[in-house]
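Walk through this structure with me.

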Amino acid sequence: MKKILFTLLALPLLVQAQKIDKIITRAETERIETYLASDELAGRKPFTPGIEKAANFIAGIFEKAKLQKTNGTYLQTFPMFKSSLISAAGSMDDVAIEAKNIAIISKESSVELDEKSGYEVVSIQAGDNFGQNAYKIMNAQKPTIAFLHDSFAKYIPRLSGRGPLRETQATIIFVIANTTPSKFKITATQKVERLELANVVGILPGKSRPNEYVIFSGHYDHLGIGKAVQGDSIYNGANDDAAGTTAMMMLAKYYAKTRNNERTLIFAAFTAEESGGHGSVYFSKQFNPDQVVAMFNLEMIGTESKWGKNSAYITGYEKSSMGEILKKNLIGSPFTFYPDPYLDQNLFYRSDNATLAELGVPAHTISTSKMDSEPNYHKPSDEVQTLDLDNMTEIIKAIAKSATSIVSGKDTPSRVDTTKLKQ
């Protein structure tokens, strides 16, 4: 009897698998991934021709799938500011500061401050977690000057190139200093331009529940051209996050062909994740969060997880019932989802799911990235040949299978308790 029951349970998965195998293919996964991570797109940095080519490519896939547009376009544009430093100078306790030891994050063309200017004064000391502290400082709501221990001097060039910036961006100054000075003065001039960025968004209306939304997303930007490593200066971002974007596009193609979604599906490629999650922040403001049933954000799924093939983890697993629903829908398959094993990395708060999660949406990121040992993370070596495309294709199929009951309206994940989120 148990054997018969298991067979009956597994039968729907078998039928679904046969359909998925014909639509989500390794060849198409490779085609999309290879173009997004190609040298032609030069690392897909915001405000470059490469990211515009990527946006047009994604829009073309949506067009071919006959997804619905918004206001006649797949491009969800919004204004941002691009600043280019012209000069910077300063002093601490009457000792001059070299310009190379100053980073300015501001949309102001002229910056001038001293210890009497009312800036919040903070520091990142030797041994502190630089990433966590810098992220918090860069998102401060008031003007801030941060003094960094010289062990963090290597981060100044990247901080200096931080952008694009939102209209609400507070001026943030980073200065290399092992101690916090009693007196300081900083001046800087910048070229500031008001430009546009674009998410790429396609919609597949739901049949019986059109006002309930399920979002599939990935960020299509990366770091562009930077410091050369072994002669290679293009940061292709094959895993981060051409992989997640490819998965989102493959799922769009799959659902557009099956057309069996009761809830409305929204497919989104976000811009400017690497420079502050600007695309997802803008995107999230276009919805009533109460209507968003779930968000599948796909980030870095091109390498095997710590558990090997046919596995991935879900950030913020315990914050809603979404993970348990996905696992239930995979019973009878070889694939397994796990809770995020890298809690010290705060991944739930660091990707494009965070903005909607902060509004109570069951918004989670699915990833396989071994965050304690990914050799190509944020390096020019993050190229297609380092990915396991066979495994990646199986991950995309597993995501489609795991989402079945949410897409159909059978299951609704519990909401995120916003009172228990980190501030």
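A residue is buried under 20% relative accessible area, exposed over 50% and partly exposed in between, using a 1.4 Å probe and protein chains only. The model is predicted, so local features need pLDDT of at least 70 and side-chain atom pairs count only at pLDDT 80 or more, while totals for chains, interfaces and linings use all residues. Residues are numbered from 1 along each chain as its sequence is written, and side-chain values use heavy atoms, with hydrogens and water left out.

Phe130 has 10% relative accessibility, so it counts as buried. Tyr155 is partly exposed, at a relative accessible area of 31%.

Now the rings. Rings of Phe, Tyr and Trp (its six-membered ring) pair if their centres lie within 6.5 Å; planes under 30 degrees apart are stacked, over 60 edge-to-face, and the rest tilted. There are 20 aromatic pairs in the structure. Phe130 and Tyr155 make a stacked one, 4.1 Å centre to centre with 5° between the planes. Phe130 sits in helix α4 (residues 130-138) and Tyr155 in the loop between β6 (144-148) and α5 (156-160), so the pair ties together parts that are 25 residues apart in sequence. Tyr313 and Tyr342 pair edge-to-face, at 5.5 Å centre to centre and 70° between the planes. Tyr313 belongs to strand β14 (residues 311-314) and Tyr342 to the loop between β15 (336-339) and α9 (354-357), 29 residues apart. Both Tyr313 and Tyr342 are buried. Elsewhere, ring pairs join Phe216, Tyr254, Tyr255, Phe267 and Phe296 into a cluster.

Next, the helices. Helices (H or I, at least four residues) and strands (E, at least two) are DSSP runs, numbered from the N terminus. The expected span of a helix is 1.5 Å times one less than its number of residues. Helix α3 (residues 49-64) has 16 residues and should span 22 Å; its end C-alpha atoms are 23 Å apart, which agrees. Its buried residues include Ile51, Ala54, Phe57, Ile58 and Phe62. The buried residues of α3 pack against α2 (26-36), β1 (75-92), β8 (184-204), α6 (238-258) and β12 (263-270). Lys66 follows α3, with a positive phi near 60°.

Helix α10 (residues 389-402) has 14 residues and should span 20 Å; its end C-alpha atoms are 20 Å apart, which agrees. Of its 14 residues, 12 are buried, so α10 is largely enclosed by the rest of the structure. Among them are Leu389, Met392, Ile395 and Lys397.

Technical notes. Contact = heavy atoms within 4.5 Å.
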